[in-house]
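Reader: Let's walk through this one together. Before anything else, tell me how you name the pieces.

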Amino acid sequence: MRIRSAVPAVLAAAALSASLLAASPATAATAARHQGGLHLGYIQFDSPGRDTRSNSSLNAEWVNIHNNSGSAVQLKGYKLKDNTGYTYTFGSYKIGAGKTVKVRTGKGTNASGVRYWGRGSYVWNNTSDKARLIKPSGSLKDSCSWTNSNPGYKNCH
């Protein structure tokens, strides 16, 4: 049964890969704006399924931050903020060159590649919001916004 249900997912992934390989120059130009730096990547702002406020539902809401530079970046003091002002501040965490860190809304144990906000309620609004990555100096590093026309997630690359 699991094999049968995995086949459509594998086929969908193959189709997506093929479509990405055939990306238009405009798509490539959009992706190029993030080359060589730290930026917001994929955001799952609407936890799949019903919003039950369970920890697993809260952790299904997350933001990826990607380091597309050639060297590691220390994230201590960087902030992730929404329109309401909810703020996650990174402690000492080094993100390697070409690596991604996922910041999940709920509670959990921090590990390599994942950080937990530790909240008991959702951060990202499903109808519209804006994620901001703010440097320790207070200046804006990157931002990504969405509206209810997005399907619960946004690729900010």
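Author: Helices and strands here are DSSP runs, at least four residues (H or I) for a helix and at least two (E) for a strand, numbered from the N terminus. And keep in mind that this is a predicted model.

Reader: Good. Where is R53, then?

Author: R53 lies in the loop between β1 and α3. Its phi is positive, about 65 degrees, although R53 is not a glycine.

Reader: Noted. How many helices and strands does the chain have?

Author: Three helices and 11 strands. Along the sequence the pattern reads α-α-β-α-β-β-β-β-β-β-β-β-β-β.

Reader: And what share of the residues counts as buried?

Author: 34% of the 157 residues. The accessible surface is about 8900 Å², with 53% of that belonging to carbon and sulfur atoms. As for contacts with a separation of 6 or more, 56% are between residues 24 or more positions apart.

Reader: Let's look at β1. How many of its residues are buried?

Author: Six of seven, so β1 is mostly covered.

Reader: Which strand pairs with β1 over five bridges?

Author: That's β2, residues 62-67, and the pairing is antiparallel. H39 has H66 in β2 as its bridge partner. β1 also pairs with β11 (residues 153-155), again in the antiparallel sense, over three bridges. There, I43 stands opposite K154.

Reader: OK, on to the open sheet. What is the order of its four strands?

Author: β5-β4-β9-β10, with antiparallel pairing. β5 (87-89) and β10 are at the edges with a single partner strand each, so one side of each has no neighbour in the sheet. On average, neighbouring strands here are turned by 10 degrees against each other, ignoring direction.

Reader: How many bridges join β9 to β10?

Author: Seven, between antiparallel strands, with β9 covering residues 128-134. In that pairing, I134 has L140 in β10 as its bridge partner.

Reader: Switching to rings. How many aromatic pairs are there?

Author: Eight. One of them is F45 with W146, a stacked pair at 4.6 Å centre to centre and 10 degrees between the planes. That pair links distant parts of the chain: F45 belongs to the loop between β1 (38-44) and α3 (55-59), while W146 is in β10 (residues 140-147), 101 residues away.

Reader: Is F45 buried or exposed?

Author: F45 is buried, with a relative accessible area of 0%. W146 comes out at 2%, and that makes W146 buried too, because the cut-off is under 20%.

Reader: Which residues form the aromatic cluster?

Author: F45, Y88, F90, Y93, W117, W124 and W146 form one cluster. So both members of the stacked pair are listed in that cluster.

Reader: Last topic, charges over rings. Which ring has the charged end of K102 over it?

Author: The ring of W62, with the charged end of K102 3.8 Å from its centre.

Reader: And what about R119?

Author: The charged end of R119 sits over the ring of Y86, 4.1 Å from the ring centre.

Terms used: Residues numbered from 1 in each chain as written. Predicted model: local features only at pLDDT ≥ 70, side-chain atom pairs only at ≥ 80, totals over all residues. Heavy atoms only, no water. Phe/Tyr/Trp six-rings, centres within 6.5 Å; stacked < 30°, edge-to-face > 60°. Buried < 20%, exposed > 50% of the residue type's maximum accessible area, 1.4 Å probe, protein only. Lys NZ or Arg CZ within 6 Å of the ring centre and 35° of its normal. Pairing = 2+ DSSP bridges. Axes fitted to C-alpha atoms, helices over the stretch in contact; angles between N-to-C directions. Contact = heavy atoms within 4.5 Å. Areas by Shrake-Rupley, 256 points an atom, 1.4 Å probe, with all protein chains shown as cover.
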